Amino acid sequence: MKLKGKVALITGASKGIGKGVAERYALEGAAVVLASRSTDLLSVIEEDIGKAGGLALAVPVDVRNRESIEQAVTTAVEKYGRLDIMVNNAGISMAHPSEELSVEDWTRAVETDLYGVFYGCQCAGRQMIRQGGGCIINITSIYGLVAAPMRAAYCSSKAAANMLTKVLAIEWAKYNVRINALAPGYIRTELVQGVIEKGMLPVDGIQKRTPLGRIGEVKDLLGAAVYLASDDSEFMTGAVMTVDGGWTAYGYL
Ligand code: NAP
């Protein structure tokens, strides 16, 4: 159990990567605070973790609303006494030709994928500074490192979240607060499945373009998510760790 006795708050824990991370952290011994807008889905996960002998608490959060994140941090601390791990995972994808991207869509993506990450870092960071340390993991994307067409809002937000990770890492190292980004490649979740179904993701092409030859599964990320949250990575901060089957390393034909 790599996270025994720790308290973790995970945004976007109702499905996909966030759900997988929360369930794995609970198995590793952490008390997990599950945050997103779909409280019905969160309650089911909370119950399942409880039945398996873990500790979980569902809290309603819209990451675009700073106060709701602040309240979730307060609730976590009231219930479990501290906050050791914050995973800013909630995110949305956005694909439009840039010349047609509306201000509303741009704003929705940036508010979720960037502002939400900043709010999460700041609210958790303040608590971690008060208690003498902690660690933050921002789930960003390979598309914060390399470009994809029609993803101006998504790529810009994720690139900014990678840089935010570095800035906070160097600022808060003195408080013993570590901040790293985990940048996945294509991972088969509802978000990706939705884009595939809209015909916007050529699965065969992606598999060919990926040196390891396949789209990732949520479980492919979990080892890295545990590592970054555990004391095994205690000398690591300000890093952007890709888990992408070699996608961003590839630059040939
Ligand atoms: P997903 O299956 O669509 O799940 C997204 C999660 O984010 C849901 O739990 C959703 O919960 C939550 N969420 C969205 N907007 C929110 C808001 N305003 N407030 C609170 N929660 C919100 O997506 P995923 O594939 O697991 O992606 C998770 C993260 O990984 C995202 O940041 C995404 O950009 C990143 N990522 C994914 C991939 C991939 O291939 N899957 C690749 C690179 C990066 P509610 O709807 O319940 O609020």
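This is a predicted model: local features need pLDDT of at least 70, side-chain atom pairs count only at pLDDT 80 or more; totals for chains, interfaces and linings use all residues.
Between which two elements is the loop that holds Asn176? Asn176 lies in the loop between α5 and β6 (177–184).

Look at the backbone angle first. Phi of Asn176 is near 65°, a positive value in a residue other than glycine. Most residues other than glycine have a negative phi. Find Met150 in the loop between β5 (134–139) and α5. Met150 counts as partly exposed, because its relative accessibility is 34% and that class runs between 20% and 50%.

Now turn to the empty space. Rolling a probe the size of a water molecule over the atoms shows where such space is left. The largest pocket has a volume of about 1200 Å³. It is lined by 45 residues, and Gly91, Ile92, Ser93, Thr189 and Leu191 are the closest to its centre. Several elements each supply at least two lining residues: α1 (16–27), β2 (31–36), α4 (103–131), α5 (152–172) and α6 (190–197). The most comes from α6, with 5 residues. Sorted by class, the lining has 20 nonpolar, 16 polar and 9 charged residues.

Finish on the surface. Tyr250, Tyr252 and Leu253 form a nonpolar patch there. Together they have about 420 Å² of accessible area. Tyr252 sits in the segment after β7 (240–243). Is Tyr252 buried or exposed? Tyr252 is exposed, because its relative accessible area is 66% and the exposed class begins over 50%.

Definitions and conventions: Residues are numbered from 1 along each chain as its sequence is written. Side-chain values use heavy atoms; hydrogens and water are left out. Patches are made of residues with over 30% relative accessible area and no salt bridge: like charges are joined within 9 Å, nonpolar side chains (Val, Leu, Ile, Met, Phe, Trp, Tyr) within 5 Å. Accessible areas come from the Shrake-Rupley method with a 1.4 Å probe; for residues, only the protein chains shown count as cover. A salt bridge is a side-chain nitrogen of Lys or Arg within 4 Å of a carboxyl oxygen of Asp or Glu. Helices (H or I, at least four residues) and strands (E, at least two) are DSSP runs, numbered from the N terminus. Buried means under 20% relative accessible area, exposed over 50%, partly exposed in between (1.4 Å probe, protein chains only). On a 1 Å grid over the protein atoms alone, a cavity is a set of points where a 1.4 Å probe fits but cannot get out, and a pocket is an open set with protein on both sides within 12 Å along at least five of seven lines; lining residues have an atom within 4 Å of a point. Grid points are joined across faces, edges and corners, and a volume is the space filled by probe spheres set on the points. Ala, Val, Leu, Ile, Met, Phe, Trp, Tyr, Cys and Pro count as nonpolar, Asp, Glu, Lys and Arg as charged, and the others, Gly among them, as polar.
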